[in-house]
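Thanks for coming. I will walk through one protein model today, starting with its pockets and then moving to its strands. Please have a look at it first.

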Amino acid sequence: MKRYIFLFSFFALFIAKSQAQVGEPYIHDPSTIAECEGKYYTFGTGGGGLISEDGWSWHSGAERPGGGAAPDALKIGDRYLIIYGATGGGLGGGHNGRILTMWNKTLDPKSPDFKYTEAIEVCSSDGMEDQDAIDPGLLLDPTTGRLWACYGTYFGTIRLIELDPNTGERVKGNKELDIAIDCEATDLIYRDGWYYLLGTHGTCCDGVNSTYNIVVGRSKSVTGPYLDNVGRDMFHGGGKMVIAAGDRVCGPGHFGRTIIDEGVEIMSCHYEADFERSGRSVLGIRPLLWRNGWPVAGDRFKDGTFEIESERRGYALELAVDFVRMQQERQGWFNRQQMQQPAKPVPNQTLDEVKATWPNGDIAVRCGDYMFRPHQRWTVTAVPDKGGYLGGPYYKITIEGTERALAATADKEVTTVAAYTGADEQLWRIEQLTDGTFRIMPKVIPGQEGINTKFVLYSAADSTPTLAEYDFNSDNSKWNFRNH
C-alpha cells in the first residue's frame with residue numbers, strides 16, 4: 001500500500017472461478033505466508049490478516065497490532081519476526097515513513113503464548129529526501145545467517161539495511177544502501193548462489209484500473225547490483241517480468257515465496273482486483289517456477305480432459321484393458337488409385353465403441369503409447385468442497401465420459417474404481433513443480449493415518465505406475481498434462 005492514484009498518474013493459464021482461493025481471501029499488501037502450528041497466516045495493510053487451516057480456504061482472524069502498511073513475516077528459530085511500515089506512502093504523514101519490528105512466539109491469537117513485543121523502529125524517512133520508509137521485506141541469508149530488510153516506494157529509492165536476527169534491531173553502525181528505483185513492495189530471496197530482488201512495478205490502489213506487476217533482478221551479492229535478464233540494473237529501472245495481469249485478475253503485487261518441498265514452491269501476492277469478486281483486492285497463490293535461473297509465476301491448474309504423461313518415458317497413464325483396433329481402409333503408396341481420392345478426417349474411437357469390452361468393478365492402470373483412445377483420456381475436475389492444500393483444491397481424476405475414478409489402495413498401488421464416491425483416496429493433489437512438470441499425490445492412503453504428504457503417483461518402470469515417495473530428482477515422480 002504505497003500511494004494513492006490521485007497522487008500519481010501512472011499506469012497465467014486460465015484461473016477458473018472455482019480455483020481461486022475460497023472463503024474470504026480479501027487482503028491488501030499481504031506478508032509472505034507463514035506456517036504456525038499447522039495453520040497458515042498472512043498479514044496485510046491496516047492490521048490483521050488471514051488464517052487458513054489448509055492453505056485453500058482463507059478467513060480473517062490473524063492479529064497484528066500497530067496498523068500501518070505492508071507487513072512481512074519471517075520465522076527465525078522458534079519465534080516470528082514481523083516488520084511493517086507505520087506511515088509513509090501518502091498515509092497520514094506524506095512520505096514521513098517509519099519501519100518497525102516486533103516478535104511473537106506464536107501467530108495463533110488463541111494461544112496462551114500469543115503476545116507481541118513492543119515495536120522497535122529500525123529506520124525512517126523525513127518526507128523531504130527521495131525515499132519513503134514503507135513496504136519492508138525480510139531475508140534471513142541461509143549462507144551467512146545475516147538478516148536483511150529492503151524497503152521503499154516509487155517516491156525515491158529502494159533501500160537495504162541489516163538487522164540483528166536475535167533482536168530485530170538495526171545493526172549498530174549499519175548504513176542503508178540504495179539498490180533500486182521505479183518499484184515498491186520489494187522482497188529478497190536467495191537461491192543457488194544468487195540473491196533476487198523482487199519489486200512491484202506499476203500503479204496500485206485503483207481497483208480494476210491498477211497496473212501493478214512484479215519484476216525481478218538478481219545479484220551474486222546481497223548488496224547488489226541487481227541486474228535483470230538483459231543486464232539492466234534495477235537502480236536504473238531494470239526488471240524482468242515475474243507475473244502480470246491475466247484471466248480476470250489484475251494488479252499482482254507484494255511477492256512472497258514459500259518452499260513446500262524440494263522442487264515444490266509457491267509465490268503469494270495480492271491481486272489489486274478480482275473481476276469475479278466485485279473487483280476486490282484478494283490473496284493470490286501461484287506455483288513458482290524457475291526457468292534458466294529466473295523465477296516466474298506458474299499457472300494454476302485448470303480443469304479439463306488430458307493425456308497424463310509420464311516424464312520418465314513419455315508414456316500415457318491408461319486403463320489396463322484390451323487394445324481395441326480401429327477399422328480403417330488401408331491408405332498408402334501401394335494403392336495409387338485410392339491416394340487420388342479426397343482425404344477425409346478419421347474420427348476418434350469413442351467410448352461407446354469400447355466400454356463393453358471393459359471389465360466391471362476395479363480396473364488396474366498401466367502406462368503405454370498414447371493413441372487418443374478412451375481408456376487413455378482423463379477428466380480432471382476440482383472438488384472445492386473437499387478442502388485443499390496451499391494453493392489449490394483437491395481433484396477427482398476420472399476416465400472421460402464416465403465416473404470411473406483413479407484411486408489409491410492400501411498397499412500403495414493405484415487402481416480405478418467403477419464410480420467416484422468422494423472417498424479421500426479418490427482425491428488428488430496436483431502441484432506444478434519448479435521445472436514445470438507436476439506431481440500427483442493422493443489425499444490419503446487407506447490404512448494410513450492423516451493426510452498424505454509423502455507418496456506420489458510414480459512410474460516404477462516404463463509401464464508400471466504405483467505410489468512411492470516423492471523424489472524431485474527423479475523423473476519417476478513427475479507427470480505432464482497434455483491436451484490432445
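Which residues lie nearest the centre of the largest pocket? They are Ile-33, Arg-257, Thr-258, Ile-259 and Ile-260, out of 37 residues that line the pocket. Before I go on, please keep in mind that this is a predicted model.

To stay with the largest pocket, the space in it comes to about 960 Å³. By class, its lining has 19 nonpolar residues, alongside six polar and 12 charged ones. Which strand gives the most to that lining? It is E18, with five residues. E18 covers residues 249-261, and it is one of several strands that each supply at least two residues of the lining.

Next, the chain as a whole. The protein chain has two helices and 35 strands. Along its principal axes, the C-alpha trace spans about 85 × 60 × 45 Å. With 484 residues, a compact globule would have a radius of gyration near 23 Å, and the chain has 26 Å, which agrees. Buried residues make up 55% of the 484. The chain exposes about 20700 Å², and carbon and sulfur atoms supply 48% of that area.

Now the largest cavity. Its volume is about 170 Å³. Lining it are 19 residues, and those nearest its centre are Pro-287, Gly-391, Ile-430, Glu-431 and Gln-432. Two or more residues of the lining come from each of strand E19 (264-274), strand E20 (280-291) and E31. By class, the cavity lining divides into 11 nonpolar, three polar and five charged residues.

That brings us to E31, which runs over residues 428-432. Are its residues buried or exposed? Five of its five residues are buried. On one side of E31 sit Trp-428, Ile-430 and Gln-432, and on the other Arg-429 and Glu-431, so to speak a strand with both faces covered, by the rule that buried means under 20% relative accessible area.

What does E31 pair with? Its partner is strand E32 (residues 438-442), and the two run antiparallel, joined by five bridges. Within that pairing, Gln-432 has Phe-438 of E32 as its bridge partner. The two strands form a hairpin with five residues between them. In the turn, Gly-436 has a positive phi of about 95°.

Another strand with both faces covered is E23, residues 316-319. Ala-316 and Glu-318 are buried on one side, and Leu-317 and Leu-319 are buried on the other. E23 pairs with strand E24 (residues 363-368) in the antiparallel sense, over four bridges. Opposite Glu-318 in this pair stands Arg-366 of E24.

Last, a sheet. In what order do the strands of the open five-stranded sheet come? The order is E1-E5-E4-E3-E2, and the pairing is mixed. Gly-23 stands opposite Trp-58 in E5.

Technical notes
Residues are numbered from 1 along each chain as its sequence is written. This is a predicted model: local features need pLDDT of at least 70, side-chain atom pairs count only at pLDDT 80 or more; totals for chains, interfaces and linings use all residues. Side-chain values use heavy atoms; hydrogens and water are left out. Buried means under 20% relative accessible area, exposed over 50%, partly exposed in between (1.4 Å probe, protein chains only). Two strands pair if DSSP finds at least two bridges between them. On a 1 Å grid over the protein atoms alone, a cavity is a set of points where a 1.4 Å probe fits but cannot get out, and a pocket is an open set with protein on both sides within 12 Å along at least five of seven lines; lining residues have an atom within 4 Å of a point. Grid points are joined across faces, edges and corners, and a volume is the space filled by probe spheres set on the points. Ala, Val, Leu, Ile, Met, Phe, Trp, Tyr, Cys and Pro count as nonpolar, Asp, Glu, Lys and Arg as charged, and the others, Gly among them, as polar. The radius of gyration is taken over C-alpha atoms; the globule rule is 2.2 Å times the number of residues to the power 0.38. Accessible areas come from the Shrake-Rupley method with a 1.4 Å probe; for residues, only the protein chains shown count as cover.
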